[in-house]
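Subject: Structure for your files

Dear colleague,

Here is the structure we spoke of, with notes on what came out of going through it. Please look at it alongside the text.

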Amino acid sequence: MKTLKFILFVTLLAVVPFLNLQAQCGKCGDAMQWTLSRSWSNGFNALPDVCTNLKGFQVQYQKNQPQWDAMFKWLATHDLQSIPFGRHPIEGTSLVVSVEDSENQPLAKRASESHYHHIDFQYIVKGSERFGLLDHASSKPNCEYRPDVIHYDYDVDKAMFIDSTPERFFLLFPGDWHIAKVCTDKPSQTIRVIVIKLDYVE
């Protein structure tokens, strides 16, 4: 019986994120179907996290498809575990892949931010990273905008926190005021994360 319960538990862990993604279907219509079709993926296996603005993803992909296609192709054709850390240009584009071997930090040490002209693509290759998404109504800028970032004071009780997995990537649009590299509940806070800044097209 214990073995059966364990199997059911593991199965639930695998299925719930997909069900959460499907649950958005009524809110984003064809964007959900488009996302699940993987026609955008160019061989890259991960799906966007359930917090992702899927309509925004679809619209930005359609407005700037060559850049997105080049990014996903690069991700699908490189060994992200063993590639050297540092900056790697994607040939034929203005995109740069930042491979970061880093450590999560306590929330108090992590700055919040958003970007006006870029979309943050973040994908955890090793470990787990906690992201915070800020509530706009209870947050306000605490500095001048300087290309391309601005920071916020926020109510931590109204922020939403999500832990990453290698099966999901994060897309953080200009409206996604966020905090990255926050400590998780796991024993190790060592991570390898891929960060790419895509152009946001009005």
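The largest nonpolar core holds 29 residues, and Met71, Phe72, Leu75, Phe121 and Phe169 have the most contacts inside it. A nonpolar core here is a set of buried Ala, Val, Leu, Ile, Met, Phe, Trp, Tyr and Cys residues joined through side-chain atoms within 4.5 Å. Buried means under 20% relative accessible area, exposed over 50%, and partly exposed in between, with a 1.4 Å probe and protein chains only. H4, H5, S3, S5, S10 and S12 are the elements that give two or more residues to this core. H5 provides the largest share, six residues. Elements are DSSP runs numbered from the N terminus: helices are H or I of at least four residues, strands are E of at least two.

Methionine 71 is in contact with Ile90, Leu95, Phe121, Ile196 and Leu198, leaving aside its neighbours within four places in sequence; contact means heavy atoms within 4.5 Å. Another core, of seven residues, lies apart from the largest one, and Ile150, Tyr152, Ala159 and Trp177 are among them.

This is a predicted model, in which local features need pLDDT of at least 70 and side-chain atom pairs count only at pLDDT 80 or more, while totals for chains, interfaces and linings use all residues. Residues are numbered from 1 along each chain as its sequence is written, and side-chain values use heavy atoms, with hydrogens and water left out.

For the chain as a whole, there are five helices and twelve strands. Of its 202 residues, 44% are buried. Among contacts with a separation of 6 or more, 76% are between residues 24 or more positions apart.

Now the sheet. Six strands form an open sheet in the order S1-S10-S5-S12-S3-S2, with mixed pairing; two strands pair if DSSP finds at least two bridges between them. Strand S1 (47-48) and strand S2 (86-89) are at the edges with a single partner strand each, so one side of each has no neighbour in the sheet. S2 pairs with strand S3 (residues 96-103) in the antiparallel sense over four bridges, and arginine 87 has serine 98 in S3 as its bridge partner. Helix H5 (residues 65-76) packs on the sheet and touches S2, S3, strand S5 (118-126), strand S10 (168-172) and strand S12 (190-199). The direction of H5 makes about 160 degrees with that of S12; axes are lines fitted to C-alpha atoms, for helices over the stretch in contact, and angles run from 0 to 180 degrees between N-to-C directions. The hairpin of S2 and S3 has six residues between the strands, and glycine 92 there takes a positive phi near 85 degrees.

In helix H4 (residues 54-63), the buried residues include Leu54, Phe57 and Tyr61. Leucine 54 has a relative accessible area of 2%. Its C-alpha is 9.0 Å from that of tryptophan 34, 20 residues away in sequence. Asparagine 53 caps the N-terminal end of H4, with a side-chain oxygen 3.3 Å from the backbone nitrogen of lysine 55.

Lastly, serine 139 is in the loop between strand S6 (130-133) and strand S7 (140-141). Why does serine 139 count as buried? Because its relative accessibility is 9%. Its side chain reaches the backbone oxygen of aspartate 135 at 2.6 Å. Beyond its neighbours within four places in sequence, serine 139 is in contact with Leu134, Asp153, Tyr154 and Trp177.

Regards

Definitions and conventions:
A polar contact is a pair of N or O atoms within 3.5 Å; within protein, one must be able to donate a hydrogen and the other to accept it, and residues adjacent in sequence count only if both atoms are side-chain atoms.
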